[in-house]
Amino acid sequence: MSTHKAIALEEPSVPLTVITLPTPTLSATQILVRTSLVSMTPLSAHQIDHNLLTAPFPFIPGGNLVGTVVARGSDSIRPELHIGAKVFSYSFGPREGKACQELVVVEQSRAAVIPMGVTDLEAVAVPDSFVSAWHSLNVDLGIPLAGSSDPTTAVPQPPANAHKPVLIWGGATSVGRFALQILHRHGFTDITTTASLRHFDELLALGASRVFDYADPNVSSKIGMPQLVLDCIGDEARTLPFYSTVVAHHATVAVLLPVRMRDGSISVTVPTEFASGVTVRPVHAQRYEKYPGAEDLQPSIMPRWLKEGWIKACRTRWLRATGAAGVEEALHEFRAGTVKNEKLVMKMVLGGACAENAPAR
Ligand SMILES: NC(=O)c1ccc[n+]([C@@H]2O[C@H](COP(=O)([O-])OP(=O)(O)OC[C@H]3O[C@@H](n4cnc5c(N)ncnc54)[C@H](OP(=O)(O)O)[C@@H]3O)[C@@H](O)[C@H]2O)c1
């Protein structure tokens, strides 16, 4: 039986460790990827801290990965995913699909070849946030994005709702940055966002029409009456109260889950009351594959937008540690709120051949 190493939480409330797991057999639609880089997402911190979908143990933290294809489940896998191809992916559960292990079983529909001219470090900073932004806009806010039906469209026709005022709350988040860029390229011209002052110029350059400081006590009176809202933070005290009372009568509001509650817990529903007529959509981006067009999102839309320069990858910051200590370091940063407009990246060095594959810092 072949085995590989993984970073794992073996039971609730213990430190992460490195364990050895049997390497699963691939189904006909899966590839096996030897991971070289991972970038962490806040979801792992929410999961570990609140015991959210961590069972059955051991729980492997997830995120984005870059790695090399080392096995294919069948000859019907897309030819570009050949042995030796360098790929990037937002890969998630069950356990064998989680990023923080040497060998990850990735559905071919979640894998893309890294385009020429794009570095591994750029690639690892894109998938989960791009997928979340695209899914939230397309499915939860009902914006028909080009590429969901035709991935070859170069300059999309503005959708019918491109004239509507949009609010992206938290434009400096990794999801918010992609949402701004996707809306801008689709011809939206009335895009309000919130961020701290130091991000204003960058967010205007990415496509925001105007930016307001989320810490301004009068921010609610400045954001107008948006008809489409994407809350990229989801916080009972720090985001929802600031726009829930000013949205337009028939607005649609999408809120990234989980919502952080005042008492420190998290909620997978949106706790705030909105006026009748407002549609509130809690966003579950990991369910994106249930919707039409999803099969193109990671394999073709994501690499094309990156290759063409229609999106800029998020900034990255190297974690100081690797292995279980590196993930612990990332969790600590998420808890402390010190991850600002960046992805935390780590080499997947758990011993053996992985170290040879990891790119130089
Ligand atoms: N449900 C889903 O499908 C899904 C998908 C992806 C992400 N998420 C969740 O969405 C949240 C954000 O994820 P992320 O990776 O995009 O975050 P991130 O990039 O780590 O976000 C950090 C940024 O948030 C900004 N920020 C902090 N408080 C804010 C506030 N009150 N208003 C506006 N901006 C604020 C900070 O801006 P400054 O630098 O200006 O302080 C900081 O730069 C996480 O809780 C994550 O779990 C959910």
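View A. Six strands, written 6 in the strand count, make up an open sheet with the order 10-9-8-11-12-15, and their pairing is parallel. Strand 10 (210-213) and strand 15 (279-283) are the edge strands; each has a single partner strand, so one side of each lacks a neighbour in the sheet. From one strand to the next, the twist averages 15°. The structure shown in this and the following views is a predicted model.

**View B. Pairing of strand 12 with strand 15.** Strand 12 (residues 252-256) and strand 15 run parallel and are joined by 5 bridges. Within this pair, Val255 has Pro282 of strand 15 as its bridge partner. Strand 15 is also one of the strands at the edges of the sheet.

**View C. Helix 4 against the sheet.** Helix 4 lies across strand 8 (166-169), strand 9, strand 11 (228-231) and strand 12. Its direction is at about 165° to that of strand 9. Helix 4 (174-185) and strand 9 (191-195) each also supply at least two residues of the shell around the ligand.

**View D. The ligand and its surroundings.** The ligand is surrounded by 30 residues, of which Ser132, Thr173, Ser196, Tyr214 and Ala285 are the closest. By class, this shell comprises 14 nonpolar, 13 polar and 3 charged residues. Helix 1 (42-50) and helix 3 (127-140) are among the elements that each supply at least two residues of the shell. The most is given by helix 1, with 3 residues. Because domain 1 (3-126 + 314-357) and domain 2 (129-289) both give residues to the shell, the ligand lies between them.

**View E. The two domains and their contact.** The domain assignment of the chain gives domain 1 (3-126 + 314-357) and domain 2 (129-289). Taken over C-alpha atoms, the centres of domain 1 and domain 2 are separated by 27 Å. In the contact between them, 8 residues of domain 1 meet 11 residues of domain 2. The side of domain 1 that touches domain 2 has, by class, 4 nonpolar, 3 polar and 1 charged residues.

**View F. Helix 1 and its cover.** Pro42, Leu43, Ser44, Gln47 and Ile48 are the buried residues of helix 1. Strand 4 (63-72) and helix 9 (323-336) are included in what covers these buried residues. Helix 1 is followed by Asn51, whose phi is positive, near 50°. Helix 1 also gives 3 residues to the shell around the ligand.

**View G. The loop between helix 1 and strand 4.** Asn51 has its place in this loop. The positive phi of Asn51, near 50°, occurs in a residue other than glycine. Asn51 is partly exposed, since 13 other C-beta atoms lie within 10 Å. A cis peptide bond with omega of about 0° joins Ala55 and Pro56. The peptide bond from Phe57 to Pro58 is likewise cis, with omega near 0°.

**View H. Ser13 in the loop between strand 1 and strand 2.** Ser13 lies in the loop between strand 1 (3-8) and strand 2 (17-22). Phi of Ser13 is near 65°, a positive value in a residue other than glycine. With 8 other C-beta atoms within 10 Å, Ser13 is exposed.

Key
Residues are numbered from 1 along each chain as its sequence is written. This is a predicted model: local features need pLDDT of at least 70, side-chain atom pairs count only at pLDDT 80 or more; totals for chains, interfaces and linings use all residues. A residue is near a molecule or strand if its C-beta atom, placed from the backbone, lies within 6 Å of it. Helices (H or I, at least four residues) and strands (E, at least two) are DSSP runs, numbered from the N terminus. Ala, Val, Leu, Ile, Met, Phe, Trp, Tyr, Cys and Pro count as nonpolar, Asp, Glu, Lys and Arg as charged, and the others, Gly among them, as polar. Domain bounds come from an automatic or database domain assignment. Two strands pair if DSSP finds at least two bridges between them. Axes are lines fitted to C-alpha atoms, for helices over the stretch in contact, and angles run from 0 to 180 degrees between N-to-C directions. Two residues are in contact if their C-beta atoms, placed from the backbone, lie within 7 Å. A residue is buried if 20 or more other C-beta atoms lie within 10 Å of its own, exposed if 12 or fewer, and partly exposed in between; C-beta atoms are placed from the backbone.
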